[in-house]
Amino acid sequence: MEVTKRNLVLTFGTPVKTQETITITNPSELLTAGDIKQAMTVALNSGAIGENVQANSIAGAKYVIQQVDAVDLEEV
């Protein structure tokens, strides 16, 4: 059985040159780059991004697509 997993990874920069990421599983396929940037801006402005150091910039966003093929051990 083949399964495709799709995640949206949002990356934020910090003043100490580290990065913070947020991974969204199964994001809507209707999202535009504008939608993603707007959501990242709202999250950044909320002050809630950053575990040890608060994020202060948007570094990027990317879709990570993973294909998983199960091995049928019953065929052996």
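A nonpolar core is a set of buried Ala, Val, Leu, Ile, Met, Phe, Trp, Tyr and Cys residues joined through side-chain atoms within 4.5 Å. Buried means under 20% relative accessible area, exposed means over 50%, and partly exposed lies in between (1.4 Å probe, protein chains only). The largest such core here has 8 residues: Leu8, Leu10, Phe12, Ile36, Met40, Leu44, Ile49 and Ala55. Strand E1 (2–13) and helix H1 (33–46) each supply at least two residues of this core.

This is a predicted model: local features need pLDDT of at least 70, side-chain atom pairs count only at pLDDT 80 or more, and totals for chains, interfaces and linings use all residues. Residues are numbered from 1 along each chain as its sequence is written, and side-chain values use heavy atoms, with hydrogens and water left out.

**Sheet**

- Helices (H or I, at least four residues) and strands (E, at least two) are DSSP runs, numbered from the N terminus.
- 3 strands form an open sheet in the order E2-E1-E3, with antiparallel pairing; two strands pair if DSSP finds at least two bridges between them.
- Strand E2 (19–25) and E3 stand at the edges with a single partner strand each, so one side of each has no neighbour in the sheet.
- Neighbouring strands are turned by 25° against each other on average, direction ignored.
- For such angles, axes are lines fitted to C-alpha atoms, for helices over the stretch in contact, and angles run from 0 to 180 degrees between N-to-C directions.
- E1 and E2 pair in the antiparallel sense over 7 bridges.
- Within this pairing, Leu8 has Ile24 of E2 as its bridge partner, and Phe12 has Glu20 of E2.
- E1 and E3 pair in the antiparallel sense over 12 bridges.
- Asn7 stands opposite Val64 in E3 and opposite Thr25 in E2.

**Helix and core contacts**

- H1 packs on the sheet and touches E1 and E3; its direction makes about 120° with that of E3.
- Contact means heavy atoms within 4.5 Å.
- Ile36 touches Leu8, Leu10, Leu31, Ala61 and Tyr63, not counting residues up to four places away in sequence.
- Ile49 is found in the loop between H1 and strand E3 (57–69).
- Ile49 is buried, with a relative accessible area of 10%.
- Leaving aside neighbours within four places in sequence, Ile49 is in contact with Phe12, Glu20, Ile22, Ala43, Leu44, Gln54 and Ala55.
- In soluble globular proteins, nonpolar side chains tend to be buried together.

**Loops and backbone**

- E1 and E2 form a hairpin with 5 residues between them.
- Lys17 lies in the loop between E1 and E2, and its phi is near 65°, a positive value in a residue other than glycine.
- Lys17 counts as exposed, at 76% relative accessibility.
- Asn26 lies in the loop between E2 and H1, and has a positive phi of about 50° although it is not a glycine.
- Asn26 is exposed, with a relative accessible area of 61%.
- Most residues other than glycine have a negative phi.

**Rings**

- Arg6 lies over the face of Tyr63, at 4.0 Å from the ring centre.
- A charge sits over a ring if NZ of Lys or CZ of Arg is within 6 Å of the ring centre and within 35 degrees of the ring normal.
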